Amino acid sequence: MSERRTRRFVRALLRQRRPPPFNATQEEADVLRAAIALRAANPAASLPAEVFYTELRSRLTDEEARRRAPVQIPGRSGSSRYGPSRFGLTRRGLLVGGAGLAAGVVATEGIDLGLRARESSQASSSVIADVGSWRPVIASAELLPGQVRRFSTEPAVGFLSRPPDGIRAVSGVCTHQGCFLRLNAANDTLECPCHSAAFATTGEVLHHERPAPIRPLPTFQVRERGGQVEILLPGN
Amino acid sequence: MSKQRCLTAGREGRVRVPGTRRQASPALRLEAPPAEPARLRVVPDDRYLDWDAVYVDNAQRLYGLLFSRVGNRPDAEDLTAEVFLAALGPLRLSAHKQEVRAYLVAAARTVLAAHWRRTLGRAITTIELDEDLHGMTDRQVDLAADGISQARAEQLLRSLPERYRAVLELRFLQGCSVRETAAALGVTVANAKVLQHRALRMAAQVEGAAPR
């Protein structure tokens, strides 16, 4: 066991600094666990910085407002120490996330207690606008069987396909952190450039590298009218 | 445990008057439902009104839970924020409070596991599946350290020889500097460091079988 590395870690703990990472052996892990257990019992040490709760609370309030508001929000100037990079929530991701779930949209998703369970496949959910209108997104003739076409309207982006059992429209926003998905036409998959998640055009999760399962892509209500493919979107 | 002057010296950056209980600083006083008598209470079968209510009710508990698993403030703060930010999306407010809390604990479990994977390559501590947030009384939320952590630390220390126990108590629980610890024990600073490390290693063997 390397004494130096564990000492450095323990020293950081005792100074309330972030301990430096390293590849720990089992023995080292035991020492660190003991150190943490002792540290956890110190009342004075465990309280967070005074502004922590209030800062996080306003950040969450902002997040929630973004999720409910349609698109194009000026990004916050990362002054918060809980800035984007730490949690992988880039500004691009936040803007896109807003585009994916706009005002008036009610996603029929429940709590994902699947975080505890094995990675079972989850039923895809629908994005149902409770006040919405049908918007044409593409001409029917431009969506041939076997093709996948991307559409982008205010406020939604996604991918259309035409399997044998009917037209399908899935969200084009990664359910992990909200990045725009890219079509990989060769494999018929939708890929996320941020963390290598991949989805089928049905919305089913094909691949991800997150510790917890990520949700399948929500689907939009879609129909064909007058030679146009239309999607039910919020708003008038 | 014996009170040392280390805490009163404001070692952790906070002034502490001996004999008074630690008060939550104003910034930590979140709006909460009217205070209830300090006893275990059954969580009422109801729901949270909005996301802010979820936060107000659970932020301190969650932070405390994560601190007890990572042992330092910056990581505990980051991981707490990460849990809430991750939970924001999938969370359905029409769920019962217990469900929401269970969900937050499950999310914390995942966030913690990912943290260890990223930093040390193995799970140093974990959150068990039956870890329970809503069993904690209100008073426990106000207290900086929960009773479980303290009991566990005492148990660890009890099994050590006198000098090892003393150095760990001074350094970890009392927040004394190496210099102060050395003075209290009547050894050199260098000796105190060696003592601390050996004490920790012995504590690690005691701790060994049951990772938390």
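**View 1. The contact between chain A and chain B in a predicted model.** In this predicted model, 67 residues of chain A and 86 residues of chain B take part in the contact, where contact means heavy atoms within 4.5 Å. Together the two chains bury about 6900 Å², with 65% of this on carbon and sulfur atoms; buried area is the accessible area (1.4 Å probe) that two parts lose on being put together, summed over both. A:L38, A:Y53 and A:R57 supply 12% of the area that chain A buries against chain B, more than any other three residues.

**View 2. A salt bridge across the interface.** The side chains of A:R18 and B:D78 form a salt bridge, at 2.6 Å from N to O, and the rule, which asks for a side-chain nitrogen of Lys or Arg within 4 Å of a carboxyl oxygen of Asp or Glu, finds four salt bridges between chain A and chain B.

**View 3. The helices of chain B.** Chain B has nine helices and zero strands, taken as DSSP runs (helices H or I, at least four residues; strands E, at least two) and numbered from the N terminus. Of its 212 residues, 51% are buried, that is, under 20% relative accessible area (1.4 Å probe, protein chains only).

**Notes.** Residues are numbered from 1 along each chain as its sequence is written, while chains are lettered from A and ligands numbered from 1 in the order in which they are written. Local features need pLDDT of at least 70 and side-chain atom pairs count only at pLDDT 80 or more, whereas totals for chains, interfaces and linings use all residues, and side-chain values use heavy atoms, with hydrogens and water left out.

Technical notes
Buried < 20%, exposed > 50% of the residue type's maximum accessible area, 1.4 Å probe, protein only.
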